[in-house]
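Me: Got a model here I'd like to walk through. Can you take me over it piece by piece?

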Amino acid sequence: MRHGEVENPEGVLYGRRPGYHLSELGRRMADLVAEHLADRDITHVVASSLERAQETAAPIADSHGVGVDTDDRLIEAGNVFEGKTFGVGDGALRRPGNWRHLTNPFRPSWGEPYIDQVVRMMGAINSAREAALGHEAVCVSHQLPIWIVRSFVERRRLWHDPRRRQCTLASLTTFTFEDDRIVSIGYGEPARELVPPHLLAGAKPVKGQSKAFGA
């Protein structure tokens, strides 16, 4: 699961920075997904250590009578633009000094290598599967790592157009296992009715409103 909307009045790319909590809307998203999952056979809930992930996981864990474990293999991808604004036409990309970080989109040159994200995310997924063996687990993570590990499993290239990620706020990307093999991948948006239109997959960028904010 990707976390819900975050309170971010400065409009910065918060990345791995601490102190960014769910907004009121984000808490409603988390509650709505918890309701959606109430009848599922969930015995294990785990999240990255970032506040927005922990707060998103809490209602799901509470509704199933379990705690929230922490696994920082689920953490957001590292990014050199953390703490900077990243809107269309008014953010960090306007500054020539930042362009050196954009030389290699295949790695990528601005942050944590895609393959490193695959390795840690697959490790976290397999640990969650083992912890909930015979049942279901929920892992709360962040948009880019979720999309990258899904792309890897579906045998797509890892470099991509960020605007085309199918991973909206509070969405569920589901990996179904038979023994230790992934046999299917599903996707759903239980809180879609609450997601701001400019943050939906495929939405056109709006000046001052970046999809990167909700990473």
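Me: Start with helix 1. What covers its buried residues?
Reply: The cover includes helix 2 (51–63) and strand 4 (172–178). Keep in mind that this is a predicted model.

Me: Which residues of helix 1 are the buried ones?
Reply: Leu 25, Gly 26, Met 29, Ala 30, Val 33 and Ala 34.

Me: And how many residues does helix 1 have?
Reply: Helix 1 has 13 residues. From first C-alpha to last it reaches 19 Å, close to the 18 Å expected at 1.5 Å a residue.

Me: Which residues of helix 3 are buried?
Reply: Tyr 114, Gln 117, Val 118, Arg 120, Met 121, Met 122, Ala 124, Ile 125, Ala 128 and Arg 129.

Me: What covers them?
Reply: The cover includes strand 1, strand 3 (136–140), helix 4 (143–153), strand 4 and strand 5 (181–188).

Me: Arg 129 is on that buried list. Where does its charged end sit?
Reply: Over the ring of Phe 177, 5.2 Å from the ring centre.

Me: How many aromatic pairs does the structure hold?
Reply: One.

Me: Zoom out for me. What's the overall secondary structure?
Reply: Four helices and five strands. Along the sequence the pattern runs α-β-α-β-α-β-α-β-β.

Me: How much of the chain is buried?
Reply: Of the 215 residues, 49% count as buried. The accessible surface is about 10600 Å², and carbon and sulfur atoms make up 50% of it.

Me: Now the loops. Where is Ala 38?
Reply: In the loop between helix 1 (24–36) and strand 1 (42–47). Its C-alpha is 9.9 Å from that of Pro 59, and the two are 21 residues apart in sequence.

Me: Why does Ala 38 count as partly exposed?
Reply: Because its relative accessibility is 38%.

Me: What's the backbone of Arg 155 like?
Reply: Arg 155 has a positive phi of about 60°, although it is not a glycine. It lies in the loop between helix 4 and strand 4.

Me: Is Arg 155 buried or exposed?
Reply: Exposed, because its relative accessibility is 79% and the cut-off is over 50%.

Me: Which loop holds Asp 179, and what is its phi?
Reply: Asp 179 is in the loop between strand 4 and strand 5. Its phi is near 60°, again positive in a residue other than glycine. Asp 179 is exposed, with a relative accessible area of 72%.

Me: Last topic: confidence. What's the average pLDDT?
Reply: The chain averages 88, and 83% of the residues score at least 70. Over residues 210–214 the pLDDT is below 50. That stretch still has 23 contacts in the model beyond near neighbours in sequence.

Technical notes. Residues are numbered from 1 along each chain as its sequence is written. This is a predicted model: local features need pLDDT of at least 70, side-chain atom pairs count only at pLDDT 80 or more; totals for chains, interfaces and linings use all residues. Side-chain values use heavy atoms; hydrogens and water are left out. Helices (H or I, at least four residues) and strands (E, at least two) are DSSP runs, numbered from the N terminus. Buried means under 20% relative accessible area, exposed over 50%, partly exposed in between (1.4 Å probe, protein chains only). Rings of Phe, Tyr and Trp (its six-membered ring) pair if their centres lie within 6.5 Å; planes under 30 degrees apart count as stacked, over 60 as edge-to-face and the rest as tilted. A charge sits over a ring if NZ of Lys or CZ of Arg is within 6 Å of the ring centre and within 35 degrees of the ring normal. The expected span of a helix is 1.5 Å times one less than its number of residues. Contact means heavy atoms within 4.5 Å. pLDDT is the predictor's confidence in each residue, from 0 to 100. Accessible areas come from the Shrake-Rupley method with a 1.4 Å probe; for residues, only the protein chains shown count as cover.
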